[in-house]
Amino acid sequence: TIPTSINPVSLNVRETYSVAIVRPDADDTQDPVNADEDDSKMLRDASTGNTEFDKPVDNIGDKTFKGADGYEAYAAQHVYDVQIPGCGNGRVFVGQRKEPFYIAVGKIFDLLNLNPLGPVTANKNDLENKNISSLIVEVPIACVAKPGQPVIGGYTTASIPSERSLTNKPMTGASPAQVSGHWTQVSRVGMPLVNEVVIGRDDKDKFNASQPVDDPKQFADYVTNPTLPALIQTLFPAAKAPTNFPRTDLVAAFLTGIAGLNQPKNVVPAEMLRLNTAIAPTPQQRQNPRGVVSGDNAGFPNGRRPGDDVVDLSLRVAMGKLCVLTGPKDALKVGCKPSDAPAGDLAFTDGVRRDASTFQGAFPYLNTPIPGSFND
């Protein structure tokens, strides 16, 4: 039977989830993952009041769902209008989507086994045939920004229970694993590619387990004295690395936000993705995938949209592009000048091309997942 409703019995599987908004007390700030349960309030279905939501089953294949259109119609039924305690209404979707990130992974990590300065060629997106599990939430700006303080900072973490054991007598349909104990943070992501190319190997696991509040004393040297620009210069001598140390432009990009763009009042340096909610979104058809460095101030590193080319942008910012944009015309305030970045105006690229037009223009924005079985 073709699934046409929310997880019918014929699928033989039902996955559900709930979402809580947690406002930590003062004693929770160092461990938000394990904040007291009485601090949590559940998001509710705006129509039914339920706190349990159904997740669509993954895209099994074209025979089950009659192709991409059939799966998308099925998945769309799992977009919920929700009541968010203390701040109004929003929307939520949890389910499989096509991987939105695009990068020439192999060539980038093989000591830049490509010419980032040569003629633009179409390099392979190594994530093209991948799917991901997504948690996508739309909230009113008032939920996250205070009056007169429109800049917000965000990051995500993943945690697992600290203890795990296996039973030799599992129940049918149940996992043989039994978990208990506090949740332990094992991953952290704010600005894209930070832990891959900015944080050194010795501290990658520490970064994954840490909170942004501890960044200045633990990881600041990786930002102020980065190794990537020196590596690029070694591999491509025409690409001279910036000479301003400490790299105040990278501090602005990764730790504080850029003054006059997305730096909050009384900022405390911490690695996270910052967004100025007072800057109006650029319509999809006019979005520039290179964001701020190409004059689209509603794009990366002021937040991050699905179509933003964060790989190209990260390469260019690392090589001093923000310093080049400090002249009278552009007037970014990042503590350096164009002469500090001899290669700052070069068009570094990994050669993978995407933009906003390759994504959906409406919630949940990410594309239909690739089926596990094609109906060839």
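Is Cys143 buried, partly exposed or exposed? Cys143 is partly exposed, with a relative accessible area of 24%; buried means under 20% relative accessible area, exposed over 50%, and partly exposed in between, with a 1.4 Å probe and protein chains only.

The model is predicted: local features need pLDDT of at least 70, side-chain atom pairs count only at pLDDT 80 or more, and totals for chains, interfaces and linings use all residues. Residues are numbered from 1 along each chain as its sequence is written, and side-chain values use heavy atoms, with hydrogens and water left out.

**View 1. The disulfide of Cys87 and Cys143.** A disulfide, here a pair of cysteine sulfur atoms within 2.5 Å, joins Cys87 to Cys143 with an S to S distance of 1.9 Å. The pair links distant parts of the chain, 56 residues apart: Cys87 is in the loop between strand S6 (80-84) and strand S7 (88-98), and Cys143 is in helix H4 (residues 141-144). Helices (H or I, at least four residues) and strands (E, at least two) are DSSP runs, numbered from the N terminus. The link is right-handed, with 90° about the S-S bond. Cys87 counts as buried, at 15% relative accessibility.

**View 2. The disulfide of Cys323 and Cys336.** The sulfur atoms of Cys323 and Cys336 are 2.0 Å apart and form a disulfide. Cys323 lies in helix H11 (residues 321-324) and Cys336 in the segment after H11, so the pair ties together parts that are 13 residues apart in sequence. This link is left-handed, with -105° about the S-S bond. Both Cys323 and Cys336 are buried. The whole structure has 2 disulfides.

**View 3. The second largest pocket.** A pocket is an open set of points on a 1 Å grid over the protein atoms alone, with protein on both sides within 12 Å along at least five of seven lines; a cavity is a set where a 1.4 Å probe fits but cannot get out, and lining residues have an atom within 4 Å of a point. The second largest pocket holds about 390 Å³ of space. Its lining has 20 residues, and Phe109, Glu196, Val197, Leu228 and Leu231 lie nearest its centre. A volume is the space filled by probe spheres set on the points, and grid points are joined across faces, edges and corners.

**View 4. The largest cavity.** About 140 Å³ of space lies in the largest cavity. Of its 16 lining residues, Val197, Val198, Leu228, Phe254 and Ala318 are the closest to its centre.
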